[in-house]
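Thanks for making the time this morning.

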Amino acid sequence: MKGYIGIDVGSVSTNIVFIDDGGAVSESIYLRTQGQPIAMVQKGLKELRDRLPAAARVRGVGATGSGRNLTGIIVGADAVKNEITAHAVATSQVVPGVQTILEIGGQDSKIIILRNGVVADFAMNTVCAAGTGSFLDQQAARLNIPIDKFGEIALQSGSSVRIAGRCAVFAESDMIHKQQMGCGLPDILAGLCEALVRNYLNNVGKGKEILPPVVFQGGVAANVGMIRAFEKALEMPVKVPPYYNVMGAVGAALLAREAAEKKGYSLFKGFRVSNMEYKTGSFECPGCSNLCEVVQIKEEGKIIARWGDRCGKWSNAVREEKIS
């Protein structure tokens, strides 16, 4: 078996996929990051190695997500791209002709507008986490219901109640108020889904021309209540791809395939990185008034990368040492 690895390291989850030459997903791994991106990448690679046949060959690796630069250094990535690019590439392959991507993850949400297969516009949430996966997890825990049952219960609603969704704090207090008034749980959950969709469309999607096909992905896409709320608000069908929760990783793998084929080789260090010791640290550079915070990472006690310095004094020194 030959293929490519895609790694998407976010604040909430770390996703790893293995695709074959045709772009089909052979293996998919979803892990909670738990504030330990390096450890989770190592754990995920170890699990992937155990799942793949002994003769499997990795032809390239791609990294995306908020931890993409760190991941790229650790594993030896051939492509390190932002989430917008990764999601657009993956969705365009799964749903040819897609024009709108709605993506809601653990702590952020984004909208990507594509025209003729090219990203024409995008936006991300900037000030509030209302409507993201972590907020829904919190509300499910408060109501003592499993998060995987949230959407199913919302679909049982006969008449949703209106919930204030512009702020996570206000949404929670409004839900409590509706409970105290005697409103049923299904109606409250359906109302919350609709409120979060309104918040998303009025903030992240503000001013965007949303045209079909519309694809909904990210961890929150598992919530059927949110799917129905989007379809009700947009008055059009919303598609959820098979690997909706790891689409960023799928895109990273596809980008790795493109990069590795162009170069003719891969920078991947191999699965041995899952057993290596990595340590990160930082220091303040006193060289000028900028007082840059320089972050560095050590592999088996040796510094392999530094970043954060505006002038390049520290990061360039590591590069020059590697070349020599």
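This is a predicted model: local features need pLDDT of at least 70, side-chain atom pairs count only at pLDDT 80 or more; totals for chains, interfaces and linings use all residues.

Let me begin with the largest nonpolar core, which has 40 residues, and in which Leu-192, Phe-216, Met-226, Phe-230 and Leu-234 touch the most other members. Several elements give two or more residues to this core, among them strand 6 (100-104), strand 7 (109-115), helix 6 (168-181), strand 9 (214-217) and helix 8 (224-234), while the largest share, 10 residues, comes from helix 7.

If you look at Phe-230 and set aside its neighbours within four places in sequence, you will find it in contact with Leu-102, Ile-104, Val-197, Tyr-200, Leu-201, Phe-216, Glu-235 and Val-238. There is also a second, separate core of 28 residues, and this one includes Ile-5, Ile-7, Val-61 and Phe-271.

Turning now to the backbone, the peptide bond from Pro-212 to Pro-213 is cis, with omega near -5°, and Pro-213 lies in the loop between helix 7 and strand 9.

Asn-116 is found in the loop between strand 7 and strand 8 (118-124), and with a relative accessible area of 83% it is exposed. Glu-235, for its part, lies in the loop between helix 8 and strand 10 (238-239), and because its relative accessibility is 74%, Glu-235 also counts as exposed.

Technical notes: Residues are numbered from 1 along each chain as its sequence is written. Side-chain values use heavy atoms; hydrogens and water are left out. A nonpolar core is a set of buried Ala, Val, Leu, Ile, Met, Phe, Trp, Tyr and Cys residues joined through side-chain atoms within 4.5 Å. Buried means under 20% relative accessible area, exposed over 50%, partly exposed in between (1.4 Å probe, protein chains only). Helices (H or I, at least four residues) and strands (E, at least two) are DSSP runs, numbered from the N terminus. Contact means heavy atoms within 4.5 Å.
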